[in-house]
Amino acid sequence: MTAPAERMSADNIKGELLAFAAKGGALVAGVADANAFGAAPEGHRPGDLLPGAKSVFVVGGAQPRAADWKSPHASFMETSSTSDRINALGLRVANQIERNYGYYALMVPAGVDRGRQPFVSVAFAAELAGCGSKSIAGPVLNRDHGFMYYSALITTLPLPADGPLEDPVCPAPACVDMWDEHGTTPCLATCPIDEGGCLGGCIKDGRITETRYDRARCTTRAQTYWAPGFQQALQATLEEKDDAKRRMIINSSGFTRTLWSMTYSNVSQGQCFECMRVCPVARPKHDLR
Amino acid sequence: MSFFFVDPEIYEKHKDDVLALSQSIQVNYPEHLPPDQRSPALSDRQIAERLGLDERTVREIRCVGEREYYDIEEYDRAAIFKETQCRAYAEKGLSGITAKYVERARAAKKD
Ligand code: SF4
Ligand code: SF4
């Protein structure tokens, strides 16, 4: 196959792909160098999944709406998931690269591998592609849009990399002020690791210098009604000797909700948004009439 | 049973070490921190080498250990946490979340 890409510069191809992604609904897009993932665990770098990988193309978008953030019902965002839309777009960009330019393009699956690790960290890819910077709360935040979902594809197509942002988005100026005055930030105050939450850290000279994150506890909140919640409920059911109590567990609202959530979802679910709800990055976009 | 699962005795013996080395609680984990400050988790293979186990056994111990780290009560607390935070924010905005810190900081300044 003669790849049309051979007659085009890498800059032009990148421009076409960025335009394609924007037309498909991406709020941001960028390119990471496939060889820049040295800080990722072994076995979880682009070249481990696709030999000869040169670039990682990242698209971001599919944000919750302003009204989703506004709703006083936590179970509303717990139940909504929009990440599948950005994954669909990532897949379309991958098809575009293979069909139009004749290079391999491997979409990083949204799920996890056998050891429950991400195949490649999409968050790290988004950071290396300059789409945003990793926040003290975990998600990669974009300066203009705040929290969003990302999708990444690994390709043998060489593209100019954007590289990470020089000036991180988190902590936001308002958070630096709050840290200096009260020793906390909105996200850390929402879910403090020393008071039964998941997040801790330190800010010095306007930069994150330390982080602490209770991943296991965050799982109970972000996947309350998903696979981990189901495994807990199943365990409780199997351990219960009393027939009547067992029926109560099986038909309980919690167990039912877990099944509902699992069977209606083909995407990874993030069921807790409380640290992001209070984040000031791109806040004016949440304030509508 | 036809799928691999870890022997409960081996699990109990190594669970704490595996969870500590794989950082169930991550301290200075993010990739963007300077290398001399970062403490990323060890991979399953690295943990296996350190504990004299095979990688597959470590992976299973980690997966089961992560699930068992918090019991079902924590899932119930999780649902309450989300309801409480979301409602407090809807009713009072950021001050609903941060008021206690502001009060603490004020009290500390008075002392
Ligand atoms: S997602 Fe929820 S549980 Fe996890 S850190 Fe944020 S507020 Fe805490
Ligand atoms: S509230 Fe947002 S910007 Fe502020 S420290 Fe937390 S994640 Fe960073």
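This is a predicted model: local features need pLDDT of at least 70, side-chain atom pairs count only at pLDDT 80 or more; totals for chains, interfaces and linings use all residues.

Student: Okay, which residues surround ligand 1?

Tutor: Ligand 1 has A:Cys191, A:Cys198, A:Leu199, A:Cys218, A:Arg221, A:Cys272 and A:Cys275 around it. That shell splits into six nonpolar residues, one charged and no polar.

Student: And how many residues surround ligand 2?

Tutor: There are 13, and the closest are A:Cys170, A:Ala172, A:Cys175, A:Cys187 and A:Cys279. Eleven of the shell residues count as nonpolar and two as polar, with no charged ones.

Student: What about the space that ligand 2 takes?

Tutor: That space is the largest cavity.

Student: Switching topic: how much area is buried between chain B and chain A?

Tutor: About 4,600 Å², with carbon and sulfur atoms giving 54% of that. On chain B's side, B:Arg67, B:Tyr75 and B:Lys82 supply 16% of the area it buries against chain A, more than any other three residues.

Student: How many residues are in contact there?

Tutor: 47 from chain B, touching 56 from chain A.

Student: How many salt bridges turn up across that interface?

Tutor: The rule finds five between chain B and chain A. One salt bridge to look at joins the side chains of A:Arg215 and B:Glu66, at 3.2 Å from N to O.

Student: And how many residue pairs are in polar contact?

Tutor: Between chain B and chain A the count is 20 residue pairs, both partners being at pLDDT 80 or more.

Conventions. Residues are numbered from 1 along each chain as its sequence is written. Chains are lettered from A and ligands numbered from 1 in the order in which they are written. Side-chain values use heavy atoms; hydrogens and water are left out. A residue is near a molecule or strand if one of its heavy atoms lies within 4 Å of it. On a 1 Å grid over the protein atoms alone, a cavity is a set of points where a 1.4 Å probe fits but cannot get out, and a pocket is an open set with protein on both sides within 12 Å along at least five of seven lines; lining residues have an atom within 4 Å of a point. A molecule sits in a cavity or pocket if more than half of its atoms lie within 2 Å of its grid points. Ala, Val, Leu, Ile, Met, Phe, Trp, Tyr, Cys and Pro count as nonpolar, Asp, Glu, Lys and Arg as charged, and the others, Gly among them, as polar. Contact means heavy atoms within 4.5 Å. Buried area is the accessible area (1.4 Å probe) that two parts lose on being put together, summed over both. A salt bridge is a side-chain nitrogen of Lys or Arg within 4 Å of a carboxyl oxygen of Asp or Glu. A polar contact is a pair of N or O atoms within 3.5 Å; within protein, one must be able to donate a hydrogen and the other to accept it, and residues adjacent in sequence count only if both atoms are side-chain atoms.
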